[in-house]
Structure formats: structure tokens, C-alpha cells
Amino acid sequence: MKKIFQIGLLRGIFGQILGMALGYGLVTTLQLLSGARLRAEPAWVVGGAFGAMGFLIALGAFTDWFRMAKGDEVPEPEEIEEPQDVRRYWGLSYDHKVIGVQYGFLSLFLLVLGGLFGLVFRTELLAPQLQFLSFNLFNTLIGLHGMVLIASILMGIAAVSNYVIPLLIGARDMAFPRLNAFSFWVAVPGALILLWSLALGGFETGWTGYPPLSIRGPMGVQMFFLGVWFVGWSSILGALNLIATILRMRAPGMSMFRMPILAWSVLATSIIALTATQLIGLSFQLVLFERLLGMGFFEPSNGGNPILFQHLFWFYSHPAVYIFVLPGLGIISELLPVFVRKPLFGYKWVAMSSLGIALVGFLVWAHHMFAAGMEEYLRVPFMYSTLLVAVPTGVKFFSWTATIWQGNIRLRVPMLFVLGGIIIFLLGGITGPLLGTVSTNLHLTDTYYVVGHFHATMFGGYVFPFFAALYYWFPKITGRQMSEKLGKWHFWLLFIGFMVMSLGQMRIGMLGMRRRIADYDPAMGFQLPNIIITLAGFMVALSVLILFINLYRSARFGQVATGNVWQSRSPEWQIPSPTPAHNYPAPLRIVGEPYDYAGESQRYVEVDGAVPAAHAAD
């Protein structure tokens, strides 16, 4: 038992169970003492909040802060001795590299879970009428599929940002290591609470949680709201840390326009996350209070306005699309010059385009509401602002095209995923204006066309770039390379399976198939397309299984990575793999341009006035 409680994650789960029982018991006791009618919902909500706090306290996330509040001496994070075995990945650590791997584990776990939810309800759609799911469970699985995968994306972005950004800018760690650890671990009880909604009746609202349905739905809705609230807290705190790190901890000589392009993308992403995430937290919190306390925010019969919820929700949730894709687009821009051996075309324009997308992204949210009954005079300006996003996005596509043009392309696995990401994100981009234009949006809204477009945007803007980053930086994390053969199987199964799935969804949507429905009219001819889409979904799942086999085999038996594996100019490839404990043995100095692959005699990184040996291999 003592050995079990040495593992931070298990200790935290025990604390969460204990905290949940304490909160539930406290509310129930107060109801009994006051003579009020016993209601389980307030007890579960308070129990969920107490459970999350119990997880963090049992884990030890607050220990140092409690000691500081008492006035005790607390060692610096880098002076704390941490276990050097696998236990460090299952407990509290202040090392940004360990935290990045922890985010990665959680992201992949949620990716598998959300994908399995999708396969279950897709199997239900193989034939008309209900086969083995109830309407409530079908809708709950759709909602969990969406929100669990959104949480997975947020964790994956945080994984890449936490591991790579300090290395790219020459820093020893993140600006606030304790806050960094807290940012990760607060997401874990949030994810567990979100999954707990299944046991409390689920939720029929889909991932958007629209009232008034969410006000009248089963108790699982409250766990859904509470879980997302804690995951959002993680996103806000992580964004604050990344902004401080990028702005204040760059190596000498690294001006803003000598900064790797991925750092620009993460900076723009973090600005959105820091300033907009509160809105989804607020919207969900208001519904939670309305259910518990009878407040009339959104229920029309109580004087509320459900359209207000949609404004609050989408003011975050459309910029959130750029939280999901901007780091992915940054990964594409970061890796492309390495594999075509050319400078990134229009570096400053690409850097500014990330900030442009972040800015314009705050002005487009109401195109999700064209059919929701909002004021008609607002439709046209929101239509134009939505189409305006194509301008900074187009800058990136022109840059990528010009960078590839006449380049010496090396089709290694990371490059395959980069090219796949460009193609699929282009598919998502060119299918978007139909939803941003009022006349066509009114016909396509809430059809499977929206589902196909959204999946193309997410896969092209996040999934393919994330896998490219995983293959590219895996040697830096583990000291071993991933299998190219298995990597190519992973890529081609994923690319073909996804294209069939997404194009099939868009086609069936244009024929009138509504989304979030468990049954459909067999006379409409939707069964065969649904069978094809479902089989393509299983093909995507098979590709992810191959990825996990590759990860396991490569971590144990992969070829040892020596030197500058990809002949990159980036700072992290100028030090040994896996990355040393404190990153760089001596301070870095930036003396050149980050992507000057055309003039390889020009240095980018200098260590104590000398050219790094790994860099000289270029």
C-alpha cells in the first residue's frame, strides 16, 4: 500500500474520491439539518468540486504554496530532487520536459477514449433505427466524443508547447515551474469529472451544452459543465505561463523576429486562450447556477435568453478553433524548411499572420448563429469578418507553397504528415466559406457537412501536425528514433481513411443528413454512405493503433538517435538526445536567422562563442 501511494496519480485519485465523498456528505448533512428536501444534484456538484481540490491536495500540488504562505523556506524547483525512474512521469514534477510528456500521455489517452466513443455511435449508424444504443446514450456519446477530443487537443498543444518552447528559445525551464505543474494536474480531475457524467445519466445536449435543453437534462450535464470548467482553468494558467516564458526568457540575441515560428504560433494561441477561455467557463457556470439556484439566465420561462448563452459560448469557441490549429500551423512552418532545405518564405509575414488570425478570430463568432434567431442586421458584417480570416491564413499557404517550390524535399515520416496536414487543412479551408456565407449556411447548418468541414479543419490543423511533431521530436525525448516503415503505414492509413470519412460526411450532409441523430429514413439513401464513413473511421482507428505499436517498440528497441538527426538549425538539436536535465550546459547566443538553410555556413546558435558540434554537421 505504501508503494502505491508513492505514485502521485494514484494518490490524487484517492484524494479525489475522498474529497467527493466529503463534499457530497457535507451538502446532504446541511439539507437534513435545515429540513430541506433532499436533492442529489447539489451534493454531486459540490462533491465534484471538492473532489478536484482533494486530488490536487493529495497529489501535493499546493504543498509548496502552503509552506510559502506560512513563511517557510522553499527550495527552487530546479533544486528539488525528483525520482529518475518512470515514477517521475506519474507524479508531481517541475521539469518542463516531464510535464510536456505528461501532457502527451494524457492527450493520447483522451484521443483513444474520444475515438472509441465515436466508433460506438458510428456503429449504431450502420443501419436505420436504433440497434443497441438508447437515444440518451447515443447523444451522450456524441457529446463526450466532441468534448473529450477537444480536451485531448488542448493537452496535445500543451505537450508540444511545454516540451519544445523552452528548448526553442534557449531557456532552462518555463517562467513559473510550480504553476506549470499545477496547470497540468488540474486538468486530470477535470477529465475524470467529465467522464463521470456517464454514470450520472449522461447529457443529451452535444458538446455545446445549449440551454434550455441543458437546464432540463439529467444530472450528468452538471458533471459535464464542471469537468470542462477545470480543464479550462488548466488552459488559462498554461497560456499565462507560456506568454511570460516567450516574452521574458529568450536567449540573448533572439529578438522577436529571430524567434522560431512555432514560438510565434504558441504566443498567438496563448493570447487567445488567456483572454477567451473565461467565456466558456462563465457560460457553463451560469447554467450550472441556474440549475442549482433557479437563477433566470437562459430559461425563457424564467425571463432568460438562450441566445445570450450562444454569444458567450461562441465568443470563446470559435477563437478556440484557432487555439487548436495555430500551433499545428506553426509546426508545419517549423518543420517544412528542415525537410526542403530552404528558408521559410516570408518569415515575418508568417509570424504576423498568426497574430492576425488571433485578432480576426475574435470577430467571427456569430456565424455559428445565423440560423439561431439573432438579429438579421448582424449577419452581413459577421459574414464579411468570417471571410476575412482567409487573408492571414492564405499568407501561410503561400509561404508553404513558395518554401516547397524547387526545394530538396526529403520525404521522411514527419514530412509526410506535414504535407498531409497542408492538404487536409486546405480542404477544411475551401469548404468553410459555404458555412461563413449566410445564404448557404442557412441550408447547411446542423448537417453532416458541418461535421466533415470541422473534422477536416481539426485533422489538417492539429492531428496531422501533432503526429509530425511526435515523430520529429521523439528522438529528442527518448534518444531513439521511431520506425519509418510503421510511420508510413500510420500515415497512409490515416490519410486515406480520413479523406474518405470527411468527404463522405460532407457529401451526405449536402444531401440532407442531419447531425446528432440516432436514426434516419432508409428511403433517403443514407445507409450506404454511413457504412462507408464508419468503415473509414475504423481505418483511422487502425492507423492510431499502429502509432501506439510504433511508440512502444521504438521506445524500447528503436535505433539510437545520435547527433543532429534531422540536420536542423534549431537550438534543441545542438545538444545530446535525450535532452539533458537542465537543457543547455552553457548559455546560448543567437547570431543568425532561424531558417537560413540556403546559406548553411551562416550560424544560428552559438554556445560560449563556439559552433556546436552537432550544428557543424549541417
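This is a predicted model: local features need pLDDT of at least 70, side-chain atom pairs count only at pLDDT 80 or more; totals for chains, interfaces and linings use all residues.
I begin with the second largest pocket, which holds about 1,200 Å³ of space. Its lining comprises 41 residues, and the closest to the centre of the pocket are Tyr89, Lys97, Val101, Tyr163 and Ile477. Four helices each contribute at least two residues to this lining: helix 4 (96–124), helix 5 (135–168), helix 19 (448–478) and helix 21 (527–557). By residue class, the lining of this pocket divides into 27 nonpolar, six polar and eight charged residues.

The side chain of Lys97 forms a salt bridge with that of Asp95, at 3.0 Å from N to O. Are these two residues buried or exposed? Both Lys97 and Asp95 are buried.

The whole structure contains 13 salt bridges, and I shall mention some others. Asp72 and Lys70 are paired through their side chains at 3.9 Å, N to O. Here Asp72 is partly exposed, with a relative accessible area of 36%, while Lys70 is exposed, at 65% relative accessibility.

Glu78 and Arg172 form another salt bridge, with their closest N and O atoms 3.8 Å apart. Glu78 belongs to the loop between helix 3 (63–70) and helix 4, and Arg172 to the loop between helix 5 and helix 6 (177–185), so this pair ties together parts that lie 94 residues apart in sequence. Arg172 is partly exposed, at 43% relative accessibility.

Finally, there is a network: Asp64, Arg67 and Arg178 are joined by salt bridges that share partners.

Definitions and conventions:
Residues are numbered from 1 along each chain as its sequence is written. Side-chain values use heavy atoms; hydrogens and water are left out. On a 1 Å grid over the protein atoms alone, a cavity is a set of points where a 1.4 Å probe fits but cannot get out, and a pocket is an open set with protein on both sides within 12 Å along at least five of seven lines; lining residues have an atom within 4 Å of a point. Grid points are joined across faces, edges and corners, and a volume is the space filled by probe spheres set on the points. Ala, Val, Leu, Ile, Met, Phe, Trp, Tyr, Cys and Pro count as nonpolar, Asp, Glu, Lys and Arg as charged, and the others, Gly among them, as polar. A salt bridge is a side-chain nitrogen of Lys or Arg within 4 Å of a carboxyl oxygen of Asp or Glu. Buried means under 20% relative accessible area, exposed over 50%, partly exposed in between (1.4 Å probe, protein chains only).
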